[in-house]
Amino acid sequence: MINGVEVIILMNILPILVMIAIAFTNYDQNHLPPNELFTWIGIRNFVKLFSGTITSSFGYAFRKVLGWTFLWAVLATFTTFLGGVLMAQLINSRVIKLKKFWRTLFIIAIAVPQFVTLLLVRNFFADSGIVNSICSNIGLTAFLQRIGLVSKSINYIPFLTNPNWAKFMIVMINIWVGIPYQMLISTGVLMNIPSDQIEAAKIDGATPFQIFKNVTMPYILFIQGPALITDFVRNINNFNVIYLLTQDVYVTTNQSLANAHAKEVDLLVTWLFRLTNEYYDYKMASVIGIIVFIICALFTIISFTRMMSGDREEVYQ
């Protein structure tokens, strides 16, 4: 019978080893068995990806996609975290009535499958979607044209078809999708903040903002620190938001990116997926997969090491 160790080797370790091995071959659409055999080519794929020459489409695309991946991960992690904390703080404040009702609304939003939400939102913000119709009727499109944010050659706002607009909308939509989950987590943390610290701050004359800044946020960051690291790594590999919002909608006009089968809005993981499933470029996809693994592993190890090196636990006991 197969034991647990063999299952782990078969399901986890073996696929990783196969991916690493493919990265050192020329396995692509031109070398697909049984018609063509692929061979070992050493580190040529890595050189191709990290090449700094102007003629290297993959090198250029890798730098562009890597930069956007890091920017997206930072924005997606901290905007939803901060938004969730502020929303939880607002709902838990004394001035808000019907707290259970508002929390229930957020729970319902979480219960809706994300892919359904994202596909609907993609249709809403299409060039001919309902949002563009509303913006045109109220004069917002014309106003954006006058101030230069929208080209006068088109009569719609390119929410998901222009690189700058698309990146902005992806971040905004992710905030809308991600805040309910972060709000529920933050609500649980806020309910367990030591009351004696808050009372002591009030006695010392601290304002509500000072209490939030010096008592509430440090406690939340202490409790949710490991979760933030996990969220950052998850956002580096956040396939759903990017792919479902831009697939079959966004088309790059950058020829260098197009030559490498990449787009301005791609993350490393969506680029990898496209290389594998649409262009059968398994060798370059494997190289990108290795890079993603190294980035996530290094960030996780460094972050947890720095976090565990602190000795703040007794402060909140």
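**Group meeting: contacts and a kinked helix**

F38 comes out as partly exposed, at 34% relative accessibility. Before going on: this is a predicted model.

F38 has a partner. Its ring pairs with Y27 in a stacked arrangement, 4.6 Å centre to centre and with 25° between the planes. Both residues are in the loop between α1 and α2, so the pair ties together parts that are 11 residues apart in sequence. Y27 and F38 also belong to one aromatic cluster with Y280 and Y282.

Over the whole structure, the search gives 15 aromatic pairs. One of them joins F125 and F159, and this pair is edge-to-face, at 5.1 Å centre to centre and 80° between the planes. F125 is in the loop between α5 and α6, F159 is in the loop between α7 and α8, and 34 residues separate them.

Now the charges. There are five salt bridges in the structure. One is between the side chains of D28 and K283, with 2.8 Å from N to O. D28 sits in the loop between α1 and α2 and K283 in helix α14, residues 282-309, so this contact ties together parts that are 255 residues apart in sequence. D28 is buried, with a relative accessible area of 8%, and K283 is buried at 8% as well.

K283 also meets D281, at 3.0 Å from N to O. D281 counts as buried, at 7%. Through shared partners, D28, D281 and K283 form one salt-bridge network.

Another salt bridge joins E278 and R274, at 3.8 Å from N to O. Here E278 is partly exposed, at 31%, while R274 is buried at 3%.

Next, the surface. Which residues make the nonpolar patch of about 1000 Å²? The patch consists of V5, V7, I8, I9, L10, M11, I13, L14, I16, L17, V18 and I20. I8 is part of helix α1, residues 4-22. With a relative accessible area of 46%, I8 is partly exposed.

Last, helix α10, residues 208-236. A straight helix of 29 residues would span 42 Å, yet α10 spans only 35 Å between its end C-alpha atoms. Where is the kink in α10? There is one of about 60° at Q224, shortly before the proline P226.

Conventions: Residues numbered from 1 in each chain as written. Predicted model: local features only at pLDDT ≥ 70, side-chain atom pairs only at ≥ 80, totals over all residues. Heavy atoms only, no water. Helix = DSSP H or I, 4+ residues; strand = E, 2+ residues; numbered from the N terminus. Expected span 1.5 Å × (residues − 1). Bend = angle between axes of the 7 residues up to and from the residue. Patch = residues over 30% accessible without salt bridge, like charges linked within 9 Å, V, L, I, M, F, W, Y side chains within 5 Å. Areas by Shrake-Rupley, 256 points an atom, 1.4 Å probe, with all protein chains shown as cover. Salt bridge = Lys/Arg side-chain N within 4 Å of Asp/Glu carboxyl O. Buried < 20%, exposed > 50% of the residue type's maximum accessible area, 1.4 Å probe, protein only. Phe/Tyr/Trp six-rings, centres within 6.5 Å; stacked < 30°, edge-to-face > 60°.
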